[in-house]
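Please examine the sequence and the structure shown here. The briefing that follows treats the topics one by one.

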Amino acid sequence: MADTEKIIEIQVLRYRPEQDKEPVLQSYKVPFTDDMSVLQGLQYIKDYLDETVSFRWSCRMAICGSCGMMIDGKPKLSCKTFLREYYPQGLRVEALAHMPIERDLIVSVEDFVTKLESIKPYIIPKEPRTLEQGEYLQTPQQRDMYEQFSSCINCMLCYAACPQYGLNPKFTGPGVLALLHRYNADSRDGGQAERLGLGYADEGFWGCTAVGYCSEVCPKGVDPANAINQNKMNSAINYFTRFVTPGGADK
Amino acid sequence: MSNRRPYVRSMDGWWKRDPYFIRYMAREVTAVFVAAYAVLLLVGLVRLGQGEAAFNGWLQYLKTPWMLVFHLIVLAVFCYHTWSWFNIMPKTMPIMFVGGKRVQPGAITGTGLAASVIACLAVLFIVRGMS
Ligand code: SF4
Ligand code: FES
């Protein structure tokens with residue numbers, strides 16, 4: 001069956017720092033077909049209705065992590081969400097919650113990127129090996145300990161889902177803490193001591209109150225709430241034992 | 001000159017924004033009821049220390065209509081409390097394997113709920129046996 005053209009109303013939260021005091025909703029009528037994503041709807045707006053609308057995107061296939069936005073109030077990847085789900089009532093798109101809006105649907109990622117760098121998101125080898133010694137071996141079970149956490153695409157949907165981050169932007173936040181755990185849980189990695197200082201700080205694991213919405217909205221099944229909360233036990237043990245182990249308090 | 005003027009949105013009333021947040025807040029509020037009930041039981045302990053008459057007075061007080069209503073409310077709240085906390089429990093557990101297979105979140109929640117039901121029944125039987 002040929003797709004008959006339908007029209008859907010997309011409300012876009014606009015913010016143009018040079019002219020808007022605060023964000024305002026602007027409505028567009030967009031013709032769409034059942035196979036069109038919300039991102040494609042926005043691209044239609046930009047191409048045919050209003051070239052000033054700004055938004056981020058790249059891969060269109062849920063892997064680059066740049067197209068996250070609030071769609072009817074829920075953090076979602078706009079390339080992975082279909083317009084047809086919002087027909088006929090229409091939909092509202094806004095910049096990701098809890099982050100400063102730069103322009104229209106674009107948020108500032110500075111805070112996230114700074115935090116991401118701070119946890120050293122790369123393997124710090126446990127033992128240096130020469131090429132002749134060959135690769136670092138790992139059993140499937142050792143891989144399972146971190147694999148799901150390594151699926152993160154840095155889309156920041158979990159930050160938009162986390163009220164603790166919204167209330168206190170100093171909180172390291174779900175995605176970055178999940179990546180911290182991803183490297184610490186890797187049997188090849190020897191950087192735990194360097195990263196755990198950040199994890200055990202007030203802004204680390206303890207900033208989380210187990211709301212759990214981050215894991216719900218994550219498009220990659222990372223389950224950041226699990227990565228964070230399974231560290232609280234070790235953090236508590238560390239907190240109490242540092243008083244009894246010689247020199248432990250300095251750590 | 002830069003036109004940058006990042007706009008920070010207010011967090012006022014954040015918990016009303018999403019039903020998920022409302023359920024989270026409900027879970028947190030149940031903890032207040034748990035604390036209140038613990039105080040009630042502590043009072044009972046104090047009364048017990050004050051002798052039989054004092055303790056019986058406390059028992060009588062528990063049987064007043066208002067206290068019965070209070071208990072019904074608390075029972076409902078505790079059920080939600082138990083469910084919501086065991087529901088989030090899988091998030092607090094490290095990744096576990098049994099017989100080479102990953103333990104699923106549902107299994108952890110189910111075990112927790114089953115354990116609390118068994119504990120309740122055990123307490124009930126012990127109390128019945130004593131009275
Ligand atoms: S944990 Fe999930 S939601 Fe958070 S940034 Fe990574 S992929 Fe996105
Ligand atoms: S455009 Fe890359 S994740 Fe949506």
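This is a predicted model: local features need pLDDT of at least 70, side-chain atom pairs count only at pLDDT 80 or more; totals for chains, interfaces and linings use all residues.

Helices (H or I, at least four residues) and strands (E, at least two) are DSSP runs, numbered from the N terminus. Residues are numbered from 1 along each chain as its sequence is written, chains are lettered from A and ligands numbered from 1 in the order in which they are written, and side-chain values use heavy atoms, with hydrogens and water left out.

**Backbone of chain A**

- His98(A) has a phi near 75°, a positive value in a residue other than glycine.
- The peptide bond from Tyr87(A) to Pro88(A) is cis, its omega being near 5°.
- Pro88(A) belongs to the loop between β4 (74–77) and β5 (91–94) of chain A.

**Salt bridges**

- Side chains of opposite charge can pair when their charged atoms come close.
- A salt bridge is counted when a side-chain nitrogen of Lys or Arg is within 4 Å of a carboxyl oxygen of Asp or Glu.
- Over all chains, the structure holds 19 salt bridges.
- One of them joins Asp111(A) and Lys115(A), at 2.8 Å from N to O.
- Both Asp111(A) and Lys115(A) lie in helix α2 (residues 110–118) of chain A, four residues apart, about one turn of the helix.

**Interface of chains A and B**

- In contact (heavy atoms within 4.5 Å) are 25 residues of chain B and 43 residues of chain A.
- Buried area is the accessible area (1.4 Å probe) that two parts lose on being put together, summed over both.
- Between chain B and chain A this area is about 2,900 Å², of which carbon and sulfur atoms give 53%.
- Tyr7(B), Arg9(B) and Lys91(B) supply 25% of the area that chain B buries against chain A, more than any other three residues.
- Four salt bridges are found across this interface.
- Lys91(B) forms a salt bridge with Asp223(A), with the closest N and O atoms 3.2 Å apart.

**Surroundings of ligand 1**

- The residues around ligand 1, with a heavy atom within 4 Å of it, include Cys152(A), Asn154(A), Cys218(A) and Pro224(A).
- Ala, Val, Leu, Ile, Met, Phe, Trp, Tyr, Cys and Pro count as nonpolar, Asp, Glu, Lys and Arg as charged, and the others, Gly among them, as polar.
- By these classes, the shell around ligand 1 has 10 nonpolar, one polar and no charged residues.
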